[in-house]
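This report concerns the nonpolar cores and the aromatic contacts of the chain shown below.

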Amino acid sequence: HNLLAFEASFIDFMKNSEFINLLKEAKTTEMILAKDSSETKQVQLNKIKSSSYESFGKMIKGTSPACVTIITDGGHGSGFFISKEGYLITSYHVVDGVNKIKAKLKSELALNAVIVAFDKRLDIALLKVDGSGFTALPIAEKATELGDDLITIGTPADVDLGQSIAKGVLSGNRKVDEQRYLQINLAISPGNSGGPLLNDKGEVVGVIQSKLVGE
């Protein structure tokens with residue numbers, strides 16, 4: 001099962017430079033993601049400002065409420081808010097082909113979610129839950145460099161492990177099928193897919209997509 005155990009660690013987010021540029025251009029931005037081959041979806045998002053944290057612990061405390069467990073009738077994954085108005089990001093394979101989606105918050109509240117748009121090639125999906133005032137994560141303005149400390153907050157293996165933290169470093173940049181991936185040495189498990197990859201400022205630099213397991 002060495003190469004079949006793909007579920008959570010090479011990240012494809014920085015590849016979609018148009019997506020990131022749209023998020024950081026101005027206070028209000030438009031994100032365009034292909035919903036299918038014949039339709040696009042426009043969503044207006046307010047830019048989330050980065051926060052200053054005095055310590056690693058306070059950064060975790062400030063960012064973890066933005067991270068959720070994505071529960072479906074086919075299993076579970078991770079996700080995170082990028083808008084106080086209820087928009088979330090996860091990996092597309094977490095919600096592909098499912099009939100029901102719920103976003104379980106740190107408070108244990110589980111909200112129904114719908115797919116607003118997705119890009120299957122980049123394995124990214126935009127979800128929406130009803131409500132407002134959610135804690136949301138900012139998108140990093142600066143690219144990561146080799147050796148940078150990175151963390152993810154997600155739900156490995158079991159739903160009861162929501163908001164678990166894994167820490168590592170950026171260990172490489174890889175190009176696979178003309179797409180750029182960030183290689184990280186985080187200890188993660190199935191269920192982390194769709195979770196945010198965060199720098200030491202609590203900013204999103206990537207989305208967890210897959211892991212490679214070898215002996």
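In this predicted model, the largest nonpolar core comprises 22 residues. Those with the most contacts inside it are F80, I82, Y87, I89, L126 and L137. Two or more residues each are contributed by β2 (39-46), α2 (56-63), β5 (87-90), β7 (110-119), β8 (124-129), β9 (149-154) and β13 (204-207). Apart from this core lies another, of 19 residues, which includes V94, L111, L127 and A136.

When neighbours within four places in sequence are left aside, L137 is in contact with I48, T63, A66, C67, F80, F81, I82, P196, L198, G202 and V204.

The structure holds 2 aromatic pairs, listed here.

| Pair | Distance of ring centres | Angle of planes | Arrangement |
|---|---|---|---|
| F81 and F134 | 4.5 Å | 10° | stacked |
| Y92 and F118 | 4.4 Å | 15° | stacked |

F81 belongs to strand β4 (residues 75-81) and F134 to the loop between β8 and β9, so their pairing ties together parts 53 residues apart in sequence. Both F81 and F134 are buried. The pair of Y92, in helix α3 (residues 92-95), and F118, in strand β7, links distant parts of the chain, 26 residues apart. Y92 and F118 are likewise buried.

Lysine residues also sit over aromatic rings. The charged end of K128 is placed over the ring of Y87, 5.4 Å from its centre, and K167 lies over the face of F56, at 4.6 Å from the ring centre.

A further lysine, K211, is found in the segment after β13. K211 counts as buried because its relative accessibility is 17%, under the 20% limit. Its C-alpha atom is separated by 9.5 Å from that of A187, 24 residues apart along the chain.

Definitions and conventions. Residues numbered from 1 in each chain as written. Predicted model: local features only at pLDDT ≥ 70, side-chain atom pairs only at ≥ 80, totals over all residues. Heavy atoms only, no water. Core = buried A, V, L, I, M, F, W, Y, C linked by side-chain atoms within 4.5 Å. Buried < 20%, exposed > 50% of the residue type's maximum accessible area, 1.4 Å probe, protein only. Helix = DSSP H or I, 4+ residues; strand = E, 2+ residues; numbered from the N terminus. Contact = heavy atoms within 4.5 Å. Phe/Tyr/Trp six-rings, centres within 6.5 Å; stacked < 30°, edge-to-face > 60°. Lys NZ or Arg CZ within 6 Å of the ring centre and 35° of its normal.
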